[in-house]
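Rolling a probe the size of a water molecule over the atoms shows where empty space is left.

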Amino acid sequence: MKKKNILKGVLFVGIGASIYGMLATFVKLAYQDGYTTSEVTTSQFVLGLAGLLILNFIQTVTSKQKLSSPTAKEVKTLLIAGTSLGCTSLFYYIAVQYINVSIAIVLLMQSVWFSVVVESFITKKLPNARKVISVVIVLIGTVLATNLVNESIEIDWHGIFWGLMAAASYTLTMFTSNTLATHLPVFRKSIIMLCGGSIVVFAFLFFAQIGPLYSDGLKSLYLNFTENTQHIHAFNYSILWKYGLILSLFGTIIPPILFNVGFPNAGLGLGSIVSSLELPVSVTMAFVLLGEKVILIQWAGIALILFAIVLMNLPSKKEYVSAEVS
C-alpha cells in the first residue's frame, strides 16, 4: 500500500510539473498574437481565481466534515505572501519577452540554490557539503544551459534580470506555501494567496497599460521606465477565451492541486526531484512549438542542473537508515 502511495505521489507531481513546464510556451504564443504581459497575467489570475472558487464551493458542499476556516490574521498573512505568487508570474512573463523560453526556465530554476541560501539564513546554519556542491553544479549547468560560453551569443540583460527576479519570487512562494496556514484546505488557501497575487497583477495592468491610456501624467511616469508605448491600449478581452483558460488551468489550478496531492505521498525529497521535470518539458516545448534552437551544450547544462537537484534531495545515509528502522 505504501509503495502504491509513493507511485501515486510521483505520478501526480510529475504530471503537475510537466503541465507547469508548458506554460511559458503558451505565453510566448500569446505574445506572438499581440497580447501584452498585463493581459496574459490578468486573464490567468482572473480565470484561475474563478476556477478555484468553483472547486472550493464543490468541496465545501460535498465534504462530510466541516472544513477549517482561516482567521483574520491568517488571511492577512496569506494575502501578503500571495503577492510573491503574482510577482513570480509577472517577472517570468516579462523575462520571456526578452529571452527564449529555454533560457527563462533555466533562470527560474535558480530558485534551487536561492532556497539553499534562504534556508541557511532562516536556520542560521551553513549548508552541508552536498548542498554546496549541488549549488556549484547548478551554477556551472546554468552557464552551459544559457550558452554563455559562446562569445557570439548576446542575451538581453533585461531578460536575465527579470528571470532572476522570478526565481527569487518563486523561492519566496515555495517557502510561504509550505509554512503558512498548512491546516487549511488547499482550495481555500490557494484562493487567498491568489487574491494577494491578483493585487500585484492588477496594479501592473493599471500602471503599464490602462492608466497611461487615460492619464498623461501616468503616461509620463510610465515612460521613465521604458520607451515602448505599444502596450498602452484598451484591454483586449479576447485573451480570456483564446489563452486565458489554458493559462489559468496550466498555471494556477491544475499544478497546485496535483502538487498538494502528490507531495504528501511522494515525500518532499522525491517530490522535488520529480518536479524538476518542469525544466526539460519547458525546453522541449519551446524547441517543438516555438522552434527555439537548443544546442548540445545547453542540453548538457540542463542535465547538470537536473543532476544537482537529484543530489541535493537524495536522503543522507543517516536518514536512509532511520527510514529503514521505522
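**Cavity and pocket briefing**

Tyr20, Leu23, Thr88, Ser89, Tyr92, Tyr93 and Leu108 line the largest cavity. The model is predicted: local features need pLDDT of at least 70, side-chain atom pairs count only at pLDDT 80 or more, and totals for chains, interfaces and linings use all residues. Residues are numbered from 1 along each chain as its sequence is written, and side-chain values use heavy atoms, with hydrogens and water left out.

**Largest cavity**
- On a 1 Å grid over the protein atoms alone, a cavity is a set of points where a 1.4 Å probe fits but cannot get out; lining residues have an atom within 4 Å of a point.
- The whole structure holds one cavity of 30 Å³ or more.
- The volume of the largest cavity is about 30 Å³ (space filled by probe spheres set on grid points joined across faces, edges and corners).
- Helix H1 (2–32) and helix H3 (72–98) each give two or more residues to this lining (helices are DSSP runs of H or I, at least four residues, numbered from the N terminus).
- H3 gives the largest share, four residues.
- The lining of the largest cavity has five nonpolar, two polar and no charged residues (nonpolar: Ala, Val, Leu, Ile, Met, Phe, Trp, Tyr, Cys, Pro; charged: Asp, Glu, Lys, Arg; polar: the others, Gly among them).

**Second largest pocket**
- A pocket is an open set of points with protein on both sides within 12 Å along at least five of seven lines.
- The second largest pocket has about 550 Å³ of space.
- Its lining has 20 residues; Ile94, Gln97, Tyr98, Tyr222 and Thr226 are the closest to its centre.
- Helix H2 (37–62), H3, helix H7 (157–179) and helix H8 (186–214) each supply at least two lining residues.
- This lining divides into 10 nonpolar, 10 polar and no charged residues.
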